[in-house]
Amino acid sequence: MKFVIQRVAKAMVTVDDDVTGAIGKGFVVFVGISQNDNEQIADKMVDKLTKMRIFEDDSGKTNLDLKSVNGRILMISQFTLYADCKKGNRPSFIKAGSPDEANRLYEYCIKRVRDFGIPVESGIFGADMKVSLLNNGPFTIVLDSEEIL
């Protein structure tokens, strides 16, 4: 599982010109699900995400988590995080999870974030989404379950 986390001042996602999710201060999280992912991996990733301290405190140090700043999360499914570009110029997505299982785990991640008491907005799995965001920093973190678990 991969999460690309961007600290934002605001963000929104639209599908067919309809806003499906919008947040102010918080994280935009692009979620990639692989063939090998499961609930245990998702639990560990969400735990790390919800406790990540990348907001500045009064001293200017990145010491505060989402709850400390009343932040929100906008979660967007993005199978392209599992693009394999080793051969040729056209990426292969063979390592990405099957659509049904990836959607189930994506929805599971959203539920688990809510279980931590953090408000979550989302895109629509598999839809052609337009994401706009104002990255605050810029501050971008990549969490890869193969590297942190």
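Is F27 buried or exposed? At 0% relative accessibility, F27 counts as buried, a term for residues under 20% relative accessible area, with exposed meaning over 50% and partly exposed in between (1.4 Å probe, protein chains only).

The model shown is predicted: local features need pLDDT of at least 70, side-chain atom pairs count only at pLDDT 80 or more, and totals for chains, interfaces and linings use all residues. Residues are numbered from 1 along each chain as its sequence is written, and side-chain values use heavy atoms, with hydrogens and water left out.

**View A. Rings of F27 and F55.** Rings of Phe, Tyr and Trp (its six-membered ring) pair if their centres lie within 6.5 Å; planes under 30 degrees apart count as stacked, over 60 as edge-to-face and the rest as tilted. Three aromatic pairs are counted by this rule. In the pair of F27 and F55, the centres are 5.4 Å apart and the planes are at 10°, so the pair is stacked. F55 has 3% relative accessibility and counts as buried.

**View B. Rings of Y106 and F125.** With centres 6.1 Å apart and planes at 40°, these two rings form a tilted pair. Y106 is buried, at 1% relative accessibility, whereas F125 is partly exposed, with a relative accessible area of 28%.

**View C. K2 and the ring of Y82.** K2 lies over the face of Y82, at 4.6 Å from the ring centre. A charge sits over a ring if NZ of Lys or CZ of Arg is within 6 Å of the ring centre and within 35 degrees of the ring normal.
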